[in-house]
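Welcome, and please take a moment to look at the sequence and the model side by side. We will walk through a few places together.

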Amino acid sequence: MDKGLVIKNTGSWYLVKTEDGMLTECKIKGNFRLKGIKSTNPVAVGDRVQIKKNYEGSAFITEIEDRKNYIIRRSSNLSKQSHIIASNLDQCMLVVTINYPETSTIFIDRFLASAEAYRVPVCIVFNKTDLYSEDENKYLEGFINLYTHIGYKCFKISALNNHGVDEIKKALEGKITLFSGHSGVGKSTLINAILPEQKLKTGEISAAHNKGMHTTTFSEMFPVDGEGYIIDTPGIKGFGTLDMKEEEVGHYFKEIFEFSANCKYNNCTHRHEPGCAVREAVENHYISESRYSSYLNILEDKEERKYRSAF
């Protein structure tokens with residue numbers, strides 16, 4: 001038996017990097033059932049697995065080790081099935097832009113709330129600083145102050161000019177990092193700046209993604225300096241399709257959760273109840289109005305019994 005890390009999934013077989021650094025193509029042996037998840041792919045990129053090699057030189061995955069976390073999206077064909085995008089993530093880097101195109105605060109906050117639910121730490125990477133006017137730069141500083149204060153690490157970069165990319169590289173060392181963001185924010189440009197040798201790969205992925213060809217997507221991990229890995233996948237578009245219970249939504253907004261401890265009612269939804277500490281904190285500017293709006297936006301989805309796939 002060998003232990004290894006799943007670094008690529010093609011649907012029919014998996015590429016596993018064993019502890020001795022060898023790459024082995026593997027199939028699945030046996031029937032893996034995941035607790036509470038109906039999944040189209042029982043094994044995911046990022047999984048730590050045990051494999052058994054046979055005499056012909058091929059191998060079987062016989063066991064998946066417990067995951068510390070994972071990220072799923074709904075399968076496009078079967079609404080009750082999920083597709084696991086990646087597992088055992090140390091962090092996610094969300095690439096956003098103040099303009100060209102503008103990333104909305106609702107998108108950012110939905111993404112952060114989903115990541116909290118999946119127990120994945122997020123860093124926010126503000127890209128395209130080379131394009132911003134004085135006013136846009138002030139707006140950017142406001143964003144950075146807001147999210148840094150809540151507890152999210154922020155980076156300010158221009159992937160095109162390679163400005164700030166070294167700081168990102170340092171943050172990737174020794175970690176498994178998933179990259180995400182709207183198309184057009186420069187995610188591929190950033191990955192190319194970090195890993196020039198992957199240029200063709202990310203270009204192909206982006207081209208396919210921009211044509212909307214992401215019905216089946218397969219993730220792949222790329223090694224970076226310092227024993228880390230980057231995972232890039234267009235399948236992350238459906239990141240937010242997560243079933244949150246209405247009373248849980250506030251748990252995934254760090255500052256709302258903190259203030260909710262002082263609400264008069266335990267099951268306060270922070271909309272109209274008397275003695276709500278969260279609404280009071282919004283009025284006193286301890287919680288930003290944009291974050292509170294994003295929170296209400298998710299609650300509206302719950303009422304309509306849908307979760308808008310905003311990303």
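By class, how many nonpolar, polar and charged residues are in the lining of the largest cavity? The lining has 6 nonpolar, 2 polar and 1 charged residues, where Ala, Val, Leu, Ile, Met, Phe, Trp, Tyr, Cys and Pro count as nonpolar, Asp, Glu, Lys and Arg as charged, and the others, Gly among them, as polar. Before going on, please note that this is a predicted model, in which local features need pLDDT of at least 70 and side-chain atom pairs count only at pLDDT 80 or more, while totals for chains, interfaces and linings use all residues. Residues are numbered from 1 along each chain as its sequence is written, and side-chain values use heavy atoms, leaving out hydrogens and water.

Back to the cavity. The structure holds 1 cavity of 30 Å³ or more, and the volume of the largest is about 40 Å³. A cavity here is a set of points on a 1 Å grid over the protein atoms alone where a 1.4 Å probe fits but cannot get out, and lining residues have an atom within 4 Å of a point. Among the residues that line the largest cavity are Val96, Ile98, Glu102, Phe126 and Phe143.

Now find Pro101. A cis peptide bond joins Tyr100 to Pro101, with omega about -5°. Pro101 sits in the loop between strand E8 (91-96) and helix H1 (105-117); helices (H or I, at least four residues) and strands (E, at least two) are DSSP runs, numbered from the N terminus.

In the loop between strand E7 (82-87) and E8 you will find Asn88, with phi near 55°. Asn88 counts as buried, at 9% relative accessibility; buried means under 20% relative accessible area, with a 1.4 Å probe and protein chains only. Lys128 lies in the loop between strand E9 (122-126) and helix H2 (134-150), and its phi is near 70°. At 18% relative accessibility, Lys128 also counts as buried.

Finally, turn to helix H4 (residues 187-194). Because 7 of its 8 residues are buried, H4 is largely enclosed by the rest of the structure. Helix H3 (residues 165-172) packs with H4 at an angle of about 75°, their axes 10 Å apart. The two helices are therefore roughly perpendicular to each other, a term for angles of 65 to 115 degrees. Val165, Ile168, Lys169 and Leu172 in H3 meet Leu190, Ala193 and Ile194 in H4, contact meaning heavy atoms within 4.5 Å. By class, this contact has 6 nonpolar, no polar and 1 charged residues.

Methods:
On a 1 Å grid over the protein atoms alone, a cavity is a set of points where a 1.4 Å probe fits but cannot get out, and a pocket is an open set with protein on both sides within 12 Å along at least five of seven lines; lining residues have an atom within 4 Å of a point. Grid points are joined across faces, edges and corners, and a volume is the space filled by probe spheres set on the points. Buried means under 20% relative accessible area, exposed over 50%, partly exposed in between (1.4 Å probe, protein chains only). Axes are lines fitted to C-alpha atoms, for helices over the stretch in contact, and angles run from 0 to 180 degrees between N-to-C directions. Angles under 35 degrees count as roughly parallel, over 145 as roughly antiparallel, 65 to 115 as roughly perpendicular and the rest as oblique.
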